[in-house]
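Hi everyone, thanks for making time for this one. I'd like to walk you through a protein model, so please have a look at the screen while I talk.

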Amino acid sequence: MSNNTGSRSHNQLKKTKKTKKGRTTALILIFAFVTFLIILSSNNNEEPFNYRDLKLKHHNPPNIRKWSLQDGYISVSGNKTLQSKCNSCVIVTSSSHLLNTLLGPKIDQSECIIRMNDAPTAGYEKDVGNRTTFRVVAHSSVPIVLRRPQEFLSRSPGQTLIFWGPPNRMQQNSKTNLYHIIHRASMAFPNVSAFVVSPRNMMRFDQLFQAETGRDREKSHSWLSTGWFTMVIAVELCNKVHVYGMVPPNYCSDKRQHKMPYHYYEPKGPDECVTYIQNERGNRGSHHRFITEKLVFARWASVYNISFSHPEWFSDLESETF
């Protein structure tokens with residue numbers, strides 16, 4: 001009798017364990033399904049950046065020259081206002097296409113010269129020149145630029161540095177110390193003027209990208225390049241802009257192109273076209289949309305009096321294959 005009772009108890013215990021295991025499995029499956037639905041819903045709220053299907057809007061861009069410089073750029077030291085003081089400007093890119101061009105003397109004869117981030121002139125004068133009027137610097141390049149004052153602050157007295165970055169990192173009351181680092185440097189070099197792009201202007205740059213591409217920058221995981229900021233700032237400050245070293249948007253579609261470093265001062269750095277194409281195709285994480293930006297620049301050329309050389313390209317480039 002006791003053996004039968006024990007057997008039944010054992011069987012019941014096994015059934016109970018099976019039932020619990022089945023419930024646990026069911027709960028895990030339900031949890032996984034709900035998680036999948038949440039992820040799917042989240043992804044649907046994002047705006048994938050499919051560069052192959054991207055159709056740039058065909059309309060006249062907003063008049064960037066009517067943007068207010070007074071509320072667009074905040075002086076880091078003193079009560080200064082960024083002045084539109086150039087009739088003609090050149091943008092000297094950081095491209096390795098400038099190497100061995102011997103453009104230095106011609107660039108130095110320009111009225112106003114705009115450079116980007118930590119692109120040096122020392123050692124490269126014969127190709128990129130020596131003078132600097134404006135330097136546009138991304139928040140990520142601030143430490144590099146300010147750690148080399150002899151190159152970037154003392155070398156061109158009277159130059160203006162324009163720093164851009166997320167407002168929560170670039171304002172006086174920010175928790176990070178980027179603003180305070182810039183402030184200390186500008187106090188130590190009074191012959192250099194320093195400005196940060198205002199939060200209002202940062203929003204304008206984003207809105208301009210969306211107006212020109214039809215893509216929300218954040219939802220499409222896009223990260224505006226320093227080239228984008230520099231081009232817009234040049235249009236704000238200058239009546240005429242000439243760009244040295246920027247390749248046209250269709251450049252990397254030609255398989256015959258030789259591999260070239262992305263920066264002229266980093267000969268062992270990443271390949272230019274690999275960098276452009278990988279960023280253009282990226283859908284996870286934030287990526288620069290270099291080729292898309294160049295398509296926009298091509299359309300702006302006739303509107304804002306922009307020209308390009310080394311290599312030379314034209315404003316009628318409307319379609320692109322990669």
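This is a predicted model: local features need pLDDT of at least 70, side-chain atom pairs count only at pLDDT 80 or more; totals for chains, interfaces and linings use all residues.

How many disulfides does a search of the whole structure find? The search comes back with three. Counting the bonded cysteines along the chain, their pattern reads 1-3, 2-4, 5-6.

Take Cys86 and Cys112 to start with. These two are joined by a disulfide, with an S to S distance of 1.9 Å. The torsion about their S-S bond is about -80 degrees, so this disulfide is left-handed. Where do the two partners sit? Cys86 belongs to strand E2, residues 86-92, and Cys112 to strand E3, residues 112-116, so the bond ties together parts that are 26 residues apart in sequence. As for accessibility, Cys86 is buried, at a relative accessible area of 4%. Cys112 counts as buried too, with 5% relative accessibility.

Next come Cys89 and Cys238, whose sulfur atoms are 1.9 Å apart in another disulfide. This link is left-handed, with -75 degrees about the S-S bond. Cys89 is in strand E2, while Cys238 is in strand E7, residues 238-244, so here the parts tied together are 149 residues apart in sequence. Are these two cysteines buried or exposed? Both Cys89 and Cys238 are buried.

That leaves Cys252 and Cys273, a disulfide with its sulfur atoms 2.2 Å apart. About this S-S bond the value is -85 degrees, and the link is left-handed. Cys252 lies in the loop between E7 and helix H11, and Cys273 lies in helix H11 itself (272-281), so this pair ties together parts that are 21 residues apart in sequence. Cys252 and Cys273 are buried as well.

Now please turn to strand E6, residues 193-197. Five of its five residues are buried, so E6 is largely enclosed by the rest of the structure. What do we find on each side of E6? One side carries Ser193, Phe195 and Val197, the other carries Ala194 and Val196, and all of them are buried, so both faces are covered.

E6 also has strand partners. Strand E1, residues 73-75, runs antiparallel to E6, and three bridges join them. In that pairing, Ile74 stands opposite Val196. Strand E5, residues 160-164, runs parallel to E6, with four bridges between them. Here Leu161 is the residue that stands opposite Ala194.

On to the helices. Two packed helices are described by the angle between their axes and the distance between the axes. Helix H9, residues 199-213, packs with helix H10, residues 226-237, at an angle of about 105 degrees, and their axes are 11 Å apart. An angle of 65 to 115 degrees counts as roughly perpendicular, and H9 and H10 are therefore roughly perpendicular to each other. Which residues meet there? From H9 we have Asn201, Met202, Phe205, Leu208 and Phe209, and from H10 we have Trp228, Phe229, Val232, Ile233 and Glu236. By class, that contact has eight nonpolar residues, one polar and one charged.

On the H11 side the contact involves Thr275, Tyr276, Ile277, Asn279 and Glu280, which meet Phe290, Ile291, Thr292 and Lys294 in H12. These residues divide into four nonpolar, three polar and two charged.

One last residue, and then I'll stop. Arg184 is found in helix H8, residues 178-188. Is Arg184 buried or exposed? With 53% relative accessibility, Arg184 counts as exposed. Along the chain, Arg184 and Val76 are 108 residues apart, and their C-alpha atoms are separated by 9.2 Å.

That's my tour, and I'm happy to take questions.

Methods
Residues are numbered from 1 along each chain as its sequence is written. Side-chain values use heavy atoms; hydrogens and water are left out. Axes are lines fitted to C-alpha atoms, for helices over the stretch in contact, and angles run from 0 to 180 degrees between N-to-C directions. Helices (H or I, at least four residues) and strands (E, at least two) are DSSP runs, numbered from the N terminus. Angles under 35 degrees count as roughly parallel, over 145 as roughly antiparallel, 65 to 115 as roughly perpendicular and the rest as oblique. Contact means heavy atoms within 4.5 Å. Ala, Val, Leu, Ile, Met, Phe, Trp, Tyr, Cys and Pro count as nonpolar, Asp, Glu, Lys and Arg as charged, and the others, Gly among them, as polar. Buried means under 20% relative accessible area, exposed over 50%, partly exposed in between (1.4 Å probe, protein chains only). Two strands pair if DSSP finds at least two bridges between them. A disulfide is a pair of cysteine sulfur atoms within 2.5 Å.
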